[in-house]
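Subject: Structure handover and notes

Hello,

Here is the structure for your files. My notes on it follow below.

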Amino acid sequence: MISAALLPQGSVSDEAARYLFASTETSWSYYKSIADVFLSTAGGKTDYSIIPIENTIEGSVSLHMDWLVHEVQLPIQAEWVFPSLQNLIGRAEECLDEQGRLDYARIKKVLSHPVAMAQCTKLLRAHLAHAEMEHIGSTVEAVAMVKESREAGWAAIGTRAGAALHGLDLLQEEITDHNNNFTRFLLVGDRPFTERSSDTCKTTIHITLPEDYPGALHQVLSAFAWRRINLSRIESRPTKRMLGSYYFVIDIEMSMDTVLLPAALEEIRAIGCQVRNMGSYPSFQYEG
């Protein structure tokens, strides 16, 4: 039995986690904050934490990366990409007309997480500009508030799982602005992930450059370039030590089980960089 921690039941994280562990007996622990998710695994209460780290529309989730770098020492064991499909959720009897069609004018208030709302701006502007918008801590919490409300005409933006969990109706499905809206998730924890295999492997490293070393970042990138090692992502974040001081997180499309990548990291260390291997892991793509 594997135990995993993630953000609220019925969220995109919940759907994504169940996709990854579809063939494995797993127990789920749900938390309201990302800090509690990380600490449950760091403290040994769960085997893994499921962390959304990047989205097609909104980009990186910097807070989650900062936790991985500054607060916990949990290695990355897998990554996978999952579609972030949002839906308009509410009570059909309140929001549909006599012919059973959605009547946007009957919706007085829309609740959701600000990121989910940002992913659905076209529909909100075109049909629900008249409605009050309220930001909530999670899409699932927004759906729960609609369920508990005695006010007519409330709707939430959330997942199919969230609607099913709270017994509400899908007023309009897949309302996101872009069909290619995906979220990248990381599985972090001390237990190696062996439930599935992949032909694609990646490695993530955390690099702090030496101070007063002109051209250090150029030399770091050169160590990969001349070896023809592909970097899929580079992100800079403040070290929180002083203004203008940054660290870099680099995703590399290669496993540490090679000759080239360990040699590149040794070259980078030789110029005075601090290098932390955050994980070498399988990468999975969603197949609907």
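In these notes a residue is called buried when its relative accessible area is under 20%, exposed when it is over 50%, and partly exposed in between (1.4 Å probe, protein chains only). The model is predicted, so local features need pLDDT of at least 70 and side-chain atom pairs count only at pLDDT 80 or more, while totals for chains, interfaces and linings use all residues. Residues are numbered from 1 along each chain as its sequence is written, and side-chain values use heavy atoms, with hydrogens and water left out.

Val37 counts as buried, at 0% relative accessibility. Its place is in helix α2, residues 34–42; helices here are DSSP runs of H or I with at least four residues, strands are runs of E with at least two, and both are numbered from the N terminus. With neighbours within four places in sequence left aside, Val37 is in contact (heavy atoms within 4.5 Å) with Ala5, Leu6, Leu7, Tyr31, Ser49, Ile50 and Ile51.

One of those partners, Ile50, is found in strand β3. Ile50 is also buried, with a relative accessible area of 0%. Ile50 and Ala78 are 28 residues apart in sequence, and their C-alpha atoms are 9.8 Å apart in space.

Salt bridges

The structure holds 20 salt bridges. The term means a side-chain nitrogen of Lys or Arg within 4 Å of a carboxyl oxygen of Asp or Glu.

Glu54 forms a salt bridge with Arg184, with 3.4 Å between the closest N and O atoms. This pair links distant parts of the chain, as Glu54 is in strand β3 (residues 48–55) and Arg184 is in strand β11 (residues 182–188), 130 residues apart. Arg184 is buried, at a relative accessible area of 8%, whereas Glu54 is partly exposed at 26%.

Another salt bridge joins the side chains of Lys109 and Glu134, at 2.5 Å from N to O. Lys109 lies in strand β7 (residues 109–112) and Glu134 in strand β8 (residues 132–135), so this pair ties together parts that are 25 residues apart in sequence. Lys109 is buried, with a relative accessible area of 11%, and Glu134 is partly exposed, with 23%.

The side chains of Arg269 and Glu266 also meet in a salt bridge, at 2.9 Å from N to O. These two residues are separated by about one helical turn because they are three residues apart in helix α10 (residues 260–270). Arg269 is partly exposed, with a relative accessible area of 33%, and Glu266 is partly exposed too, with 48%.

Salt bridges that share partners join Glu54, Glu79, Arg184, Lys202, Arg233, Glu235 and Asp251 into one network.

Arg233

Which strand holds Arg233? Arg233 lies in strand β13, residues 231–238. At 10% relative accessibility, Arg233 counts as buried. Its side chain makes a polar contact with the side chain of Ser60, at 2.9 Å. A polar contact is a pair of N or O atoms within 3.5 Å; within protein, one must be able to donate a hydrogen and the other to accept it, and residues adjacent in sequence count only if both atoms are side-chain atoms. Leaving aside neighbours within four places in sequence, Arg233 is in contact with Ile53, Glu54, Ser60, Met65, Arg184, Val249, Ile250 and Asp251.

Cysteines

With a disulfide taken as a pair of cysteine sulfur atoms within 2.5 Å, the count comes to zero disulfides. Cys120 is in none, and the nearest cysteine sulfur, that of Cys95, is 16 Å away. Cys120 is buried, with a relative accessible area of 0%, and Cys273 counts as buried at 6%. From Val37 to Cys120 there are 83 residues in sequence and 27 Å in space, C-alpha to C-alpha.

Regards
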